[in-house]
Amino acid sequence: MNFPENLRYTKTHEWIAVQGAKAKVGVTEYAQKEISDVVFVELPKAGQAVQQAKMAAVVESVKAAFDIYAPVSGKITDANKALEANPGLINQSPYADGWIFELEISNPAEVNTLMTAAQYHEAVQQAPKH
Amino acid sequence: MALTTEPTKLPLHEEHLRKGARMGDFGGWLVPLFYTSIMEEHTAVRTQAGIFDISHMGEFIVEGPGALAYLEKNLPRRITPMKFSQAIYMPLVNDRGGMVDDIIVYRMQEQKFLIIVNAGNIEKDFAWFKARVTQGVTLTNLSDEMGLLALQGPLSQTILLECFGAFYKDLRRFHYKDFEGGVIARTGYTGEDGYEIMVPKAKLKQVWDVLFRVGAKHGLLPIGFGARDTLRLEAAMPLYGHELTDEITPLEADLEWAIDLTKDEFPGSAILKKQKQTGIQKKRAGFEMTERGIPRQGFEIQKNGKATGAVTSGSFIPTTGKNIGMAYVTASEAKTGNAIDVMVRGKPVKAVIVPLPFYKRR
């Protein structure tokens, strides 16, 4: 499975791509496989404040709804509207076209609390197998 | 004290893993949730054919010189007119008029019946039947000995006949024929044509293999419990624990067709007859979301800002792309075309009552 080196990861399977004061957020390849076919996404609104490890969006498969947590605290600056018409982008392209929202980071120190690709890879390998 | 128990494995557990199944818990059973994707599997059953391993379900045998009288006294439909090749569906009704389970009764001989019950209710149902046993009735729980596969979809007859021969050609809906120490019945839980094949566990893998060997060229796929749920929801078939509970009556569940209020007394019959006269307060209804949002079990239903019911099942439907659900709503609000709100994560999302079923095969 692919976990790009330039991203940071949460134990709840979000990724964050930091670009200066802003960052894009999505779910990992592992998460999209676990969720399976994504059929609905509820996006946050621009201007909305989010807190680290608190719910910021919802991704639903046929069977269930999954809360998406903000990897770091901040203010939403954009959301991927393409997901409303085509939620399957999360499955097809979890790290690019399937990004979920963008935020302005309020506390850059929080980024350092997140896992590196190597750490996340290890965490995923230890996850219980079905 | 919290005792955690390992979910029970299906007899074909290894076969499911070999076919790439994602396994998950379903009422204490470790079952395939999907193999490739719910979307693909749902579509396969609507357009070609699929196999479901439903060996978790329970099977009881009721036999002996008192068997017929015993079932006639305790079940809500007439058993005496049943032919020896026939199967009928009905709820099992408790003394309060609520539903213990929904079951299928097969008449095997004059005084011998097979009853198929939901997996999660095996112990409860067995206790219910046992508590009512009278002289000349032997009740046996075969659940651990039998395996059950469902072959469903428009091509299921083609596949079945190619596998097991023309002997099964004239098998009609809700009828069965003997098969390898078990039965093949023309029944199912998907809204499509199809069969349920019950055989002793030891023969299950052989049947599974034959079906796949022959079915491959017809597009036959293994189907997980994810698609089983979307298929039955689209066909508006109630599921125990969702649309059916010990507190809901068959009249509220729109299952009056599956009970007979003109027959002699059965558990709950007096209450049901009274409810038939006075009318029901709440009713099972279908709805379709008209705004973006997927309804899920437990979501409140509102009309003009006031609670009027709750969702019992809801899902995105792969073949139509619609978000649909079933709910219990105040009877007066259950009219087709009525605009309602479903409370999705605390926010009202618009929906409209539609007739059931959502899907009917051509």
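This is a predicted model: local features need pLDDT of at least 70, side-chain atom pairs count only at pLDDT 80 or more; totals for chains, interfaces and linings use all residues.
Mentor: Residues are numbered from 1 along each chain as its sequence is written, while chains are lettered from A and ligands numbered from 1 in the order in which they are written.

Trainee: What makes B:Glu145 partly exposed?

Mentor: Count C-beta atoms, placed from the backbone, within 10 Å of the residue's own: 20 or more others is buried, 12 or fewer is exposed, and in between is partly exposed. B:Glu145 has 13 such neighbours, so it counts as partly exposed.

Trainee: Where does B:Glu145 lie, and what is it in contact with beyond four places in sequence?

Mentor: B:Glu145 lies in the loop between strand 9 (138–141) and strand 10 of chain B. Leaving aside neighbours within four places in sequence, its contacts are B:Pro200 and B:Lys201. Contact here means C-beta atoms, placed from the backbone, within 7 Å. As for B:Glu40, B:Glu145 is 105 residues away in sequence and 32 Å away in space, C-alpha to C-alpha.

Trainee: Why is helix 2 of chain B called largely enclosed?

Mentor: Because 7 of its 10 residues are buried. They are B:Ile38, B:Met39, B:Glu41, B:His42, B:Ala44, B:Val45 and B:Arg46. These pack against strand 3 (29–34), strand 4 (50–53), strand 10, strand 14 (221–222) and helix 7 of chain B. The element numbers come from DSSP runs counted from the N terminus: helices are H or I with at least four residues, strands are E with at least two.

Trainee: Which residues of helix 5 of chain B are buried, then?

Mentor: In helix 5 (residues 156–164), B:Ser156, B:Ile159 and B:Leu160 are buried. They cover an arc of only 95° around the axis (judged by the directions from the helix axis to the C-beta atoms), which puts them on the same side of helix 5 of chain B. The elements they pack against are strand 10 (146–152), strand 13 (194–200) and helix 6 (204–215) of chain B. Just after the helix, B:Gly165 takes a positive phi of about 95°.

Trainee: In what order do the strands of the barrel in chain B close?

Mentor: The order is 15-18-17-16-19-20, 6 strands with antiparallel pairing. The twist averages 45° from one strand to the next. Between strand 16 (residues 300–303) and strand 19 (residues 339–344) of chain B there are 2 bridges, with B:Ile301 opposite B:Val342. Helix 7 of chain B lies across strand 17 and strand 18 (323–330), at about 125° to strand 17. Axes are lines fitted to C-alpha atoms, for helices over the stretch in contact, and angles run from 0 to 180 degrees between N-to-C directions.

Trainee: How many residues of each chain are in the contact between chain B and chain A?

Mentor: 15 residues of chain B are in contact with 10 of chain A. On the chain B side, strand 2 (22–26), helix 2 (38–47), helix 7 (225–234) and strand 17 (306–316) each give two or more residues; strand 2 gives the most, with 3. That side divides into 7 nonpolar, 5 polar and 3 charged residues. Nonpolar covers Ala, Val, Leu, Ile, Met, Phe, Trp, Tyr, Cys and Pro, charged covers Asp, Glu, Lys and Arg, and the others, Gly among them, are polar.

Note on methods: Two residues are in contact if their C-beta atoms, placed from the backbone, lie within 7 Å. Two strands pair if DSSP finds at least two bridges between them.
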